[in-house]
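Dear colleague,

Here is the structure I said I would pass on. My notes on it are below the model.

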Amino acid sequence: TRTADWLSKDLHCLAKENGWNYVRPAANYVVANNWNWVIRELALDAGDVLWGADPDGRPQEPKYLDAVMDVFNNAPECFTVQLNRPCVYSLDRTRFERKIGNTNILDYHELVAWSLGAFDIGWLHKIGGMKQYHEQYGYTEHAVSDAMRPLGGKWYILKDFYDVHATAPDQKYVDWKLECAQKKTRLS
């Protein structure tokens, strides 16, 4: 079993090998504030894009970051680009399927849960940083989308690039996440 320290060391080595910035906060500041901490720590500004490499995220196809940047570079209205999820709910939702640049995207008519993706920092600065409605976990998509909508901001999902999230082996943690998502708990 790999611990968080081993994962951190692996990620640090991977970042160094690829010339990426690796930062690790001293504490967990909760979802939205973890993003905001990274933005401040790296002094990111308009023109920068931040990719969140979640430890439970499993991008499936190579070149997904190229596709993300293709969308950002060709859609100035876009504040986030997310990987697709292989699940039924996203196929049942009304959406436009089109190309931005050379990349196939899904443009949903209603909000769906985001999987794993990147954010345009200029857009996040316009709304005062990443936001979330539940103080512990969840509703980031709602809070950010609600703040972006009046400014004309859009979010897109890559049609042909998938994230298969790893499930937590700790049932207590899984139950807690579901209770947060259903607004049944405010426990940390």
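The mean pLDDT of the chain is 87, and 92% of the residues score at least 70. Where pLDDT is low, the predicted coordinates should not be read in detail.

Strands

Strand S4 (residues 103-108) is mostly covered, with five of its six residues buried. Strand S4 runs antiparallel to strand S3 (residues 95-100), and six bridges join the two. Within this pairing, Lys 99 stands opposite Asn 104. The hairpin of S3 and S4 has two residues between the strands, and Gly 101 takes a positive phi there, near 60°.

S4 also pairs with strand S6 (residues 154-162), again in the antiparallel sense, over two bridges. Here Ile 105 has Leu 158 of S6 as its bridge partner. S6 is joined to strand S2 as well, by five bridges, and these two strands run parallel. In that pairing, Val 81 has Tyr 156 of S6 as its bridge partner.

Helix H6

The buried residues of H6 are Thr 140, Glu 141, Ala 143, Val 144, Ser 145 and Met 148. An α-helix has 3.6 residues a turn, so residues three or four places apart point the same way. The cover over the buried residues of H6 includes helix H2 (31-41), strand S2 (78-84), helix H5 (121-126) and S6.

Ser 145 deserves a separate look. Ser 145 is located in helix H6 (residues 140-148). Is Ser 145 buried or exposed? Ser 145 counts as buried because its relative accessible area is 4%, under the cut-off of 20%. A polar atom of the Ser 145 side chain lies 2.9 Å from the backbone oxygen of Glu 141. Apart from neighbours within four places in sequence, Ser 145 is in contact with Phe 79, Leu 111, Trp 114 and Trp 155.

Loop residues with positive phi

Most residues other than glycine have a negative phi, and most peptide bonds are trans. Which residues go against this for phi? One of them is Ala 43, which is not a glycine but has a positive phi of about 50°. Ala 43 lies in the loop between H2 and strand S1 (49-51). With a relative accessible area of 62%, Ala 43 is exposed.

Another is Lys 63, a residue other than glycine with a positive phi near 70°. Lys 63 is found in the loop between S1 and helix H3 (64-74). Lys 63 is exposed too, with a relative accessible area of 59%.

Regards

Key
Residues are numbered from 1 along each chain as its sequence is written. This is a predicted model: local features need pLDDT of at least 70, side-chain atom pairs count only at pLDDT 80 or more; totals for chains, interfaces and linings use all residues. Side-chain values use heavy atoms; hydrogens and water are left out. Buried means under 20% relative accessible area, exposed over 50%, partly exposed in between (1.4 Å probe, protein chains only). Helices (H or I, at least four residues) and strands (E, at least two) are DSSP runs, numbered from the N terminus. Two strands pair if DSSP finds at least two bridges between them. A polar contact is a pair of N or O atoms within 3.5 Å; within protein, one must be able to donate a hydrogen and the other to accept it, and residues adjacent in sequence count only if both atoms are side-chain atoms. Contact means heavy atoms within 4.5 Å. pLDDT is the predictor's confidence in each residue, from 0 to 100.
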